[in-house]
Amino acid sequence: MTIVTEDVPTTTAPAKHRAEVATALPPARGQSFLKLVAIELRKSVNTRSGRVLIAAVLLIAVAALAWQITHLPQGAAGFDGFLGAASTGVMLLLPVIGVMAMTSEWTQRTALTTFTLSPRRVRVQLAKFVSAVVLSAVVMTGVVALALASTALAGGITDHAASYAGLGGQLAGAYLTVALNVVMGAAFGAVIPQTAVAILAFFIAPTAWSLAGPALFKDNANYLDVFGALGRIAERDLHGMVPETLTAVGVWIVLPTIIGLWASSRREVK
């Protein structure tokens with residue numbers, strides 16, 4: 001007796017299975033901008049250098065406030081004096097976090113992984129800018145809390161009355177100045193992908209101009225004096241120097257940001 005077996009095609013089953021799996025999987029979605037910002041924030045605080053910088057800012061603030069309490073001038077113990085003393089470390093060190101946020105992908109050779117997972121580079125770079133500003137605002141909030149506590153402490157343990165006159169305006173000027181300073185640092189980091197070089201350029205270039213500019217261009221040097229512009233913004237009084245302030249902010253902050261985003265989008269990933 002001859003048994004005849006019917007050949008069953010085996011190639012269609014795997015193909016059918018793959019088709020079913022493909023249709024069962026949810027459509028791939030890109031990362032939201034808020035998720036990118038959260039990732040960049042985690043990168044900034046998960047590194048040893050980032051934590052050390054934040055701790056240094058707070059320690060400098062505590063030291064400056066202790067000195068301020070023991071060297072109070074005549075009159076009331078004003079919050080503005082304590083905030084100015086506590087903000088020294090913020091203005092010096094927080095922009096470095098902005099620099100490192102932009103240069104870390106290139107110096108640590110993680111750009112290939114980052115831009116493979118998120119190919120839209122400008123979007124990633126903008127998330128870095130936003131995360132640097134958010135982190136600076138959080139650290140600045142801690143410094144403000146220390147300044148408020150120190151003002152109250154000075155009023156309680158000394159014969160000086162605590163004064164909080166103009167509190168809202170002082171806080172607005174301080175937060176805006178810190179944000180602009182951090183964006184400036186991030187912009188330098190976007191233009192120059194090497195951390196050390198970018199930090200040196202950030203500190204040396206505007207300082208050199210503020211020293212040499214007045215000797216070379218007299219009053220016209222104010223158009224490129226970013227320190228003077230940030231000081232006027234912090235005081236909430238432009239002293240009639242609106243064109244000078246806007247020009248300095250545009251040249252030192254807005255222009256490097258645009259150039260940095262363009263350069264980052266075209267830089268070769270290795």
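Is Lys218 buried or exposed? This is a predicted model, in which local features need pLDDT of at least 70, side-chain atom pairs count only at pLDDT 80 or more, and totals for chains, interfaces and linings use all residues. Residues are numbered from 1 along each chain as its sequence is written, and side-chain values use heavy atoms, with hydrogens and water left out.

Lys218 is exposed, with a relative accessible area of 60%. (Buried means under 20% relative accessible area, exposed over 50%, and partly exposed in between, with a 1.4 Å probe and protein chains only.) Lys218 sits in the loop between α8 (195-217) and α9 (226-234). Helices here are DSSP runs of H or I with at least four residues, numbered from the N terminus. Lys218 is not a glycine, yet its phi is positive, about 55 degrees.

Arg236 also has a positive phi of about 55 degrees without being a glycine. Its place is the loop between α9 and α10 (242-266). Arg236 is partly exposed, at a relative accessible area of 47%.

Now turn to helix α3, residues 48-70. Its 23 residues should span 33 Å at 1.5 Å a residue, and the end C-alpha atoms are 33 Å apart, so the two agree. The expected span is 1.5 Å times one less than the number of residues. The buried residues of α3 include Gly50, Leu53, Val57, Ala61 and Ile69.

Take Ala61 in α3. Ala61 is buried, with a relative accessible area of 0%. Neighbours within four places in sequence aside, Ala61 is in contact (heavy atoms within 4.5 Å) with Ala86, Val143 and Leu146. Ala61 and Ala147 are 86 residues apart in sequence, but 8.4 Å apart in space, C-alpha to C-alpha.

Notes: Helices (H or I, at least four residues) and strands (E, at least two) are DSSP runs, numbered from the N terminus.
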